[in-house]
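Have the viewer open as you read.

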Number of protein chains: 2
Amino acid sequence: MLMLIREGARFSPGCSGSAVWAAQYPICKSYRLADPKSHLTFGDELKRIGYKGGVPANHMLNPLSAHFELHIEQRRLLQDSKKKIGVVTAIQGIRWYRVIIQGERAHAGSTPMDVRADALVVASKIVLFLEEKAKETSAVATVGVLNLDRPSSNTVPGYADFSIDLRHPSEAVLGRLESSLEKYLDELAIKNGKVEYSLERTWRSPAVDLDNNAVASTRYAATNVVGKSCFMDTVSLAGHDSALTATIVPTSMIFVPSKDGISHSPKEFTSEEEW
Amino acid sequence: MLMLIREGARFSPGCSGSAVWAAQYPICKSYRLADPKSHLTFGDELKRIGYKGGVPANHMLNPLSAHFELHIEQRRLLQDSKKKIGVVTAIQGIRWYRVIIQGERAHAGSTPMDVRADALVVASKIVLFLEEKAKETSAVATVGVLNLDRPSSNTVPGYADFSIDLRHPSEAVLGRLESSLEKYLDELAIKNGKVEYSLERTWRSPAVDLDNNAVASTRYAATNVVGKSCFMDTVSLAGHDSALTATIVPTSMIFVPSKDGISHSPKEFTSEEEW
């Protein structure tokens, strides 16, 4: 049973094939995902290469009985502990957001601090709010992209947009973080009447505990192939197709070592024997 | 007496002609200022258009006895109060900086918060530090440009650079703000051993009180030309060549109205009568 999966390098977000299959993402929306460079859409490109086939990407029309996914570890736990197999018991949840802050563009010299609506000041507050909340809840929160509109060193920024990447093993914790972020944005907009914001959740990979039976059968296979001392239970910190299939069918993941934990890089390496 | 002045639109920073004349900026450095698009230098372009002449840009070799500068107001105080002339009594000081934060690029999913060296988190702390300090001291502080290196929504930023524009009517206050900024950057770098920074002052227009006699003679002329009720004393919030000449010779500035305070824009307008 082969599923169409993809990394999201050209058409972000990733794992949209399995997200559509698992009814976590609308198929029409996935077809409209556009390559930021060429503006070609995922749907058109699938058609062009002959992959927009007749098999429906739908867990009901095209069901699986179970899903087992082989993947490199993307960390160095296996390498450091000299294990050959990691049996994944849970996958941490991921939520991506795009935030837009609309303030008021103004002259840096003649605009007193107390009448400003500086979009970068607001964005900075959110960056630090996320850092604090993530530390409190053992989540990870990252603002990896931040853009200003027509940046100029003697102009108060009137517009900022940025990404948020939020991860935690518990959906409940992620939900509470999302609520507190929204509440904080409301507070900032109330405090400065000239500030408006929009918060859009652009992608989600749910936090899941993998199926006990599927995990047990993976452990059993690992014992037979590499022996009891050469595998370990582990948790996935990255997002995977399995996080989506696991919402529908018994799912398990098998990790193999990845050299120095490097992934999504030309330096990514796993030897043929390890694979 | 004509001086070569320039706005800094092509070769930043501005006012470098008067800065060189007033011994506030080395002439060799000004010749090396490069057009960011073509990479042609100011020195080469002056030569090409025949302006790299024989008159030295040096207040000792080419002295002035006084400097009077006519300028549009760039605010709307004159327009709103229906005055025709603003007699400038002081020019607020400006300091420009470029800050580079070097942290550690890392995976957003697998890097716990407490081992990160997130360059954007550090930059955000500085943005808010500047906002707080500016409010405390009635200064204005602006971060108008901020860049991340290879921004990616699932990557902890390892590098950020940004501009700071700092203004206050007192050089002493600006000096204290600069020291406190440096101290704060040191603290941040000590707190997180993986963070390094560089802080470079890229430009300075000193805060000056204009010469009493030069200002008095401008007031006298204004009284004669437009009458006592049609001029007002005012303070300049933008940088000007006069801020540099004032460090050497008696200097005064004459402001005329600028429509709606708009400047450095195609909409900038002052009628012929007002001028």
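## Helix against helix

At what angle do helix H5 of chain A and helix H5 of chain B pack, and how far apart are their axes? In this predicted model, the two helices, residues 119-137 in each case, pack at about 125° with axes 9 Å apart. Helices here are DSSP runs (H or I, at least four residues), strands are E runs of at least two, and both are numbered from the N terminus. Axes are lines fitted to C-alpha atoms over the stretch in contact, with angles from 0 to 180 degrees between N-to-C directions.

So H5(A) is oblique to H5(B), oblique being what is left once angles under 35 degrees (roughly parallel), over 145 (roughly antiparallel) and 65 to 115 (roughly perpendicular) are taken out. Residues in contact (heavy atoms within 4.5 Å) include Leu120(A), Val121(A) and Leu128(A) on one side and Leu120(B), Val121(B) and Leu128(B) on the other.

The Ser12(A)-Pro13(A) peptide bond is cis, with omega near 0°, and Pro13(A) sits in the segment before helix H1 (16-21) of chain A. In chain B, Ser12(B) and Pro13(B) are also joined by a cis bond, omega about 0°.

Gln74(A) isn't a glycine, yet has a positive phi of about 65°. You'll find Gln74(A) in the loop between strand S1 (67-72) and helix H4 (77-81) of chain A.

## Ground rules

Residues count from 1 along each chain as written, chains are lettered from A and ligands numbered from 1 in written order. Local features need pLDDT of at least 70 and side-chain atom pairs 80 or more, while totals for chains, interfaces and linings use all residues; side-chain values use heavy atoms, without hydrogens and water.
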